[in-house]
Amino acid sequence: MNQVLKPDPELASFMTQECSKDNWEGIITRIWPSTKYLDVIVTGAMAQYIPTLNYYSRGLPLACTMYASSECYFGLNLNPMCKPSEVSYTIMPNMAYFEFLPHEPGSGSTSSKLVDLVDIEVGKEYELVITTYAGLYRYRVGDILRVTGFHNSAPQFHFVRRKNVLLSIDSDKTTSQSCKRRLRMHQSFWRSSIQVWWSTRVTRTQPRFRVTT
């Protein structure tokens with residue numbers, strides 16, 4: 001590494017100076033002024049970090065380019081510079097064999113009857129099931145997707161959330177989206193900035209309740 005990387009005292013001094021300031025607003029563009037956009041994941045639970053990214057980057061475009069996991073690549077965002085709320089991924093049918101389990105948003109129940117890629121319907125939600133070249137057979141990824149349309153014959157999906165990411169107390173169920181909406185309301189009311197949050201349930205007392213911090 002010493003043959004490739006050489007000490008740069010001037011750059012080190014600049015980094016120390018910038019990072020020692022109390023205000024980190026725009027720190028990305030201050031350190032890397034040629035930055036044009038951020039390649040990030042801002043769908044699902046990651047949407048909570050959009051205000052933080054905007055703060056550190058002074059509003060640089062957020063490009064959400066692909067939908068993938070360690071098991072398989074699923075899809076591409078054909079409009080990567082769109083707003084985070086408008087991100088839809090076009091499924092790449094050559095990456096795996098895709099099947100879907102119909103999901104009911106209201107009840108949270110998932111059907112056991114698999115639906116082929118060609119039979120899905122716009123506006124409905126599904127749990128993703130894949131069979132991969134590496135040997136996974138009808139593997140339930142655990143993602144809930146909503147069909148937003150088609151690109152030619154390839155369906156496009158909006159990532160809704162991870163399955164079973166719910167706070168459940170007795171018969172009351174709260175999703176991560178509900179928590180985020182409440183936090184945004186409190187953030188606006190208190191004129192504060194929420195960087196990271198977590199939520200848990202307290203069941204050792206009556207009545208039972210949830211705590212969000």
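**Exercise 1: A bridge between two strands**

Glutamate 125 has arginine 146 as its bridge partner in E9. Please keep in mind that this is a predicted model.

Task: Find how many bridges join strand E8 and strand E9, and in which sense the two strands pair.

Solution: Start with the ranges: strand E8 covers residues 125-131, and strand E9 covers residues 139-151. Then follow the pairing, which is antiparallel and runs over 5 bridges.

**Exercise 2: The whole sheet**

Task: Work out the order of the 8 strands in the open sheet.

Solution: Reading across, the order is E3-E4-E5-E10-E9-E8-E6-E7, with antiparallel pairing. Next, look at the edges: strand E3 (66-68) and strand E7 (115-116) each pair on one side only.

**Exercise 3: Glutamine 156**

Task: Decide whether glutamine 156 is buried or exposed.

Solution: First place the residue: glutamine 156 sits in strand E10, residues 154-162. Its relative accessible area is 18%, and buried means under 20%, so glutamine 156 counts as buried.

**Exercise 4: A nonpolar patch**

Task: Identify which residues make the nonpolar surface patch of about 360 Å².

Solution: The patch is made by Met66, Tyr73, Leu76 and Leu78. Take tyrosine 73, which lies in strand E4 (residues 73-76). With 43% relative accessibility, tyrosine 73 is partly exposed.

Technical notes:
Residues numbered from 1 in each chain as written. Predicted model: local features only at pLDDT ≥ 70, side-chain atom pairs only at ≥ 80, totals over all residues. Heavy atoms only, no water. Patch = residues over 30% accessible without salt bridge, like charges linked within 9 Å, V, L, I, M, F, W, Y side chains within 5 Å. Areas by Shrake-Rupley, 256 points an atom, 1.4 Å probe, with all protein chains shown as cover. Salt bridge = Lys/Arg side-chain N within 4 Å of Asp/Glu carboxyl O. Helix = DSSP H or I, 4+ residues; strand = E, 2+ residues; numbered from the N terminus. Buried < 20%, exposed > 50% of the residue type's maximum accessible area, 1.4 Å probe, protein only. Pairing = 2+ DSSP bridges.
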